[in-house]
Amino acid sequence: MRTLTDVFAPGTPTLPEGLRTLVVSPERELEPGMTVRATFTFRNQGGAPATGVRVRFNLPEGLVYLVGSGKLDEEALDDEQGSSPLLARAGAQIGDVAPGEERRIDIAYSVAGAIENGSTVELQAAVAAFELAPVGSNVVRLVAHSRPALENALTNVAIETRHGASGGAAPGGEANVTVRVHNAGESSAHDVVVVAPIPEHTSYVPNSARVNGREFERELLASFDRVHAPIVAPSLPASATVTLQYRVRVDDPLADGTSIVARAQIASQETAAFAIDAASLTVRAQADFEDDRTSVTVEPEYDVTPGSHIVVRAVAFNAGTTTAESVSLTLEFPDHVMPVRGSFRIDGQPLRERKKESLTFDLGAIGAREGVEFVAEGAVLSPIADGTSLPVRAKLTWAPEGERNFECSAVVRSQPRFSARHNRIVRVGGSSVQPSDECEATILLSNDGSAPATDARLHLLLDPALDEVRVFDKTVRLQMDRDEVDLGKIDPYTSRRLTVRARVRTPYANRSDIRLGGSMHAREAGEVVLGEANWRVESHPAFSAETSQLQLVQDDVFRPNQLVEVHVRLRNEGTDIANNVRLRLYVSPEARLESVEGATRERSALLFGEVRPGGTVEAKLGIRLLRSLAKAYPVTIETVLTADAMLPVQLTRLTIVTTAEPNFSVGTLHSEPADVADAGDEVEFVLHVRNGGDGPARRVKISVDSLDELIYVPNSTTVNELPVRDIGAQSPLTSEQGIMLSDVDPGVEAAIAWREVVHNGLASGETLVRTARVSYDGERLDEIAAPELKVRCSPVFANAIAGLPFGLDGMLGPAFAGGQRALPDVNDRFVQLPPAMPVARGETSVTSVLSLGSSGNGHAGDDDEAHVVETVAVFDRDRLDRTLKFLSEARFGGLTSHMFALRAFYPDEAGSSNEAALEEVRDALRETLDRLFIKLRLPNYVIAPRDLENAGTRAGIVTLLNSLQPGQPALSSGATMLRGACDAGELRALAARLEDAPLATALPWAALARLMPSESDAEVNYRRMLITSLDDLANVDETAFIDALQRRPYPVLDAALNVVCAQISTRA
Amino acid sequence: MNALVIVLLIIIAIAICVGLYAWLSPERKEIELPEPPPNEPWKPDTAWTAQAGEEFATLSEAARCDLVFAVADLHDERADGLLVHALDDPSEAVALAAAHVLEKRGASERVRAHVKRHPGARAERIEETLSLLQ
């Protein structure tokens, strides 16, 4: 069973007509915009009420609900969201209908604006209840009547370019033709036909026709412009528009202002053909000379040389779409360019010659895409600077109101020019010159070019023979930079005339050619060779005794056999080369030429060969002086200098001053025995003399004095082992004339020996001095002394000698001189004592330290007992072991170890003093030293002053020292007791000193050392040594004290501490 | 013997029985003492100085030793913690200084605990040296 919701669904059949109570007005036909009213009534024919009654109307296509028209029993039903509940799928609930009750439903529709002609509209209503299935009303069928309307304002034709219709069309451009057909009627138009011919002055762009944007020619099966009346839309619904569009190309060229008109006619099956208003487009055309085809050029553009012609070529091409009228060209040449008469041509045809040439030329009318070529020539004037730009301006004008300016340029290539005909060097005067003469030449420079020559520099090629070169510009001397002269700028068509003066160098070789060349260099012209001027030199060599001479290398007096060095110096003062220079030597007979350096020796002549003008040759001669040299005759060297093409020259004679003399100052006289001789011994003297001089001695006298202490041994005198006759009983040496030697040449030696006996009556220790005298050449005297000879005798008391049957006085000889003990060796200066006990610190043994200890126990005597403060430290076994181990661990070297001993043996009680002060110092001491003990375990730790003491510790120590009272401590029990004693006054004195002592110094430790135990010898010894060591450091500053703590070794003190430790350990 | 005595004896007997049952019961649990932390290999730590301040992060051996002694004069918990951390200093002298200071501050048990937790030659040396300084 169908429900009310299912009825009227699209595609479903209508309900069976159960009630024929639906009434519709109009009844048969309807037109767009008409109102259709429907009334549906029904009655409960049954005997029971119908509950949940619902009524529903259908809404056919082409009708729309007229809002607010739904009524129930003349009462309006509320619409929901613009629609009546009667049209809802579930229908409108109208409540219960009692039996026999009739209800009436009204509703109105409006016919839609566009409804196809002849279409049918069916209206039906349905009612349902809870108890009843839907019951349909009768179906009312209405037929619609409508027609299309194509002729309206929206149906039109338009033609426009891409830029719109207002801008006009350009010849050759495209335009769009658009024909719009709008159906303003209520029904569709069928077979809509558009007649749109291609406008005049245009042509259809193939395949450009579009209908509503899609290609149209495919449907036509022909080109659009060939079909007269195509159907553009088989059906054009009401309110729809069809657009026909195609493109046309505007003819080119085309006169400006030409109008292009687009026309169209439209018709359909329902509408007769009608024409719509035509659309038009105005053509805009103009002449155009703005593109690249219109140009003005200059040929050539570069390297235009003065005097040449440049060609100005102007091409006017009308790239526009219409003809340019009255086209003219105006040229403007720069100052350096002169127009060439008769050179103007248009399209190759020369213009008519005119006397007064105007530079404005009429080119006539130039049609679209036509051109005219104009040619003119100009001559470039000279001079003109290189690189000058020659601007050529042109103006092209045409009607109406067209103008274009052009500017082109040509760059000038202009250069200076120096021709060989006008640029050269010309000699002034004759060609023959002598050294030191002045030469003169003229340099001509002329710039024949068209541009100035800048940075011009004159470069002179100077012959080495020329000196004092000067360059003049007229009378002005130009500055020369080496061989160059700055000429600056040489303007075109100007000349310079320069004068060069130089002096011929002297000396100079004969017949030498002198050249003075030159060239000029300019930036633009490059190198310009100017040629050269030539001269020939007349020159000769020359020597003089003033500059050519012989000299001694060493100005001295020379001795025989000595080599004298002579320096030879020859100077050619001439102006030409001296050839075959030869120096002849004439040397005195006492000398001979031994060596020559720097020249070739040929017998007694020296060959130097060639000597250049002004040149010098040198040689060194070795002249050996002969032995036969006589003092009175100096050696002389005479020389003669010869050379080719020159007269001989005698040089100054060289005199070598000589001397020669004998010398016997060096000689020896010695005796045998040499130093000591016993009385009665024979002594042999030997005198060695030698002529150590360089001259012979004619006569040499040798003599000695006769001494009473020595007795000559007859016939004992020899000369060079040849016996010499005595004179009487005396040696000839002791005679007045002595021994005479004659003609003793240098180097000759003589040995004279003689013997003498020491007088046996001399006293022991007497000194014998023997001196020989050597006199020679009558004026020289040399003395030669022998070493002193001591006489040795021995004492003797007894005169009874074994072997003699009698006594004898005056015995001699060493055999009788006994009993004396001499030094073991003459070099021994000291008697070697037996070795002592070594006192090396490191080797000190415990026993040795103990031996140094005091024999006393350190206690004060009975007289001082009233001032003695006794101390005691008690050790049980554990504390003692710990203390000894602590001391063994605390061996850090220096005095530091003993500071830990102060901590270890610090007393537990002292005298009758206040224990609190003692305890306070103990704690401070332990804290300080414990921290130091830890820090010293750091590698290479250096003690700082703060590690030793602070103000609190110092105050505690002072307090303690002041509070210690004489007496014995009460503590008297313990395994091991270490007792000590100190003087209370001493402690007070130390306390007083501590008040002013700086911190971290030795004094407080020295005071604490007084509290050390001193019962045993070892303890007393250690305590005393420690106090001494610390007292020694009491006055040093902290740095020295720390140095002693860490660096200074105390081996004895260390050993003493070891003894104490060992003793205490043993005692325990 | 009066009734009161009898009642007391009964109560005492019951109490004894309950006590014996509790003692001999298999469900009785031993009193578990807290176990000390296990021994650990000692690891050097130089970062303890940073606890005193960033500026103390990099100190020399001697300077760390001085820092320990300086901290010894501070009487607060933070100083104790710092000193305990200093026991792990790679320098044995610094660790010894920390241990010494801790003992002086009455925290010898913390030193002992540290030594026990990190046994070895280093711990033995520190302990022996501390005993020397007593």
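Tutor: Start with Asn207(A), in the loop between strand S18 (202-204) and strand S19 (210-211) of chain A. Helices (H or I, at least four residues) and strands (E, at least two) are DSSP runs, numbered from the N terminus. This is a predicted model, in which local features need pLDDT of at least 70 and side-chain atom pairs count only at pLDDT 80 or more, while totals for chains, interfaces and linings use all residues. Residues are numbered from 1 along each chain as its sequence is written, with chains lettered from A and ligands numbered from 1 in the order in which they are written.

Phi of Asn207(A) is positive, near 60°, and the residue is not a glycine. Most residues other than glycine have a negative phi, and most peptide bonds are trans. Asn207(A) has 14 other C-beta atoms within 10 Å, so it counts as partly exposed. The cut-offs use C-beta atoms placed from the backbone: 20 or more others within 10 Å is buried, 12 or fewer is exposed, and in between is partly exposed.

Glu74(A) also has a positive phi, about 65°, without being a glycine. It sits in the loop between strands S7 (71-72) and S8 (75-76) of chain A. With 7 other C-beta atoms within 10 Å, Glu74(A) is exposed.

Now the peptide bonds. Glu299(A) to Pro300(A) is cis, with omega near -10°. Pro300(A) lies in the loop between strand S25 (295-299) and strand S26 (309-317) of chain A. Ser382(A) and Pro383(A) are joined by a cis bond too, with omega about 0°. Pro383(A) is in the loop between strand S32 (371-380) and strand S33 (389-399) of chain A.

Next, the interface. In all, 12 residues of chain A are in contact with 11 residues of chain B; contact means C-beta atoms, placed from the backbone, within 7 Å. On the chain A side, helix H3 (877-889) and H5 each give two or more residues. H5(A) gives the most, 5 residues. By class, this side has 5 nonpolar, no polar and 7 charged residues. Ala, Val, Leu, Ile, Met, Phe, Trp, Tyr, Cys and Pro count as nonpolar, Asp, Glu, Lys and Arg as charged, and the others, Gly among them, as polar.

H5 (residues 915-935) of chain A packs on helix H4 (residues 92-104) of chain B at about 155°, with axes 9 Å apart. The two helices are therefore roughly antiparallel (angles over 145 degrees). H5(A) uses Asp930(A), Ile934(A) and Lys935(A); H4(B) uses Ala93(B), Leu96(B), Ala97(B) and His100(B). Those residues divide into 4 nonpolar, 1 polar and 2 charged.

Beyond its neighbours within four places in sequence, Ala97(B) contacts Ile934(A), Cys65(B), Val68(B) and Phe69(B). The largest nonpolar core has 87 residues; Ala97(B) is among those touching the most other members, with Phe900(A), Val68(B), Ala86(B) and Ala98(B). Such a core is a set of buried Ala, Val, Leu, Ile, Met, Phe, Trp, Tyr and Cys residues joined through C-beta atoms within 7 Å. H4(B) supplies the largest share of this core, 9 residues. A second, separate core has 35 residues, including Phe42(A), Val55(A), Val111(A) and Val121(A).

Key. Axes fitted to C-alpha atoms, helices over the stretch in contact; angles between N-to-C directions. Parallel < 35°, antiparallel > 145°, perpendicular 65-115°, else oblique. Contact = placed C-beta atoms within 7 Å.
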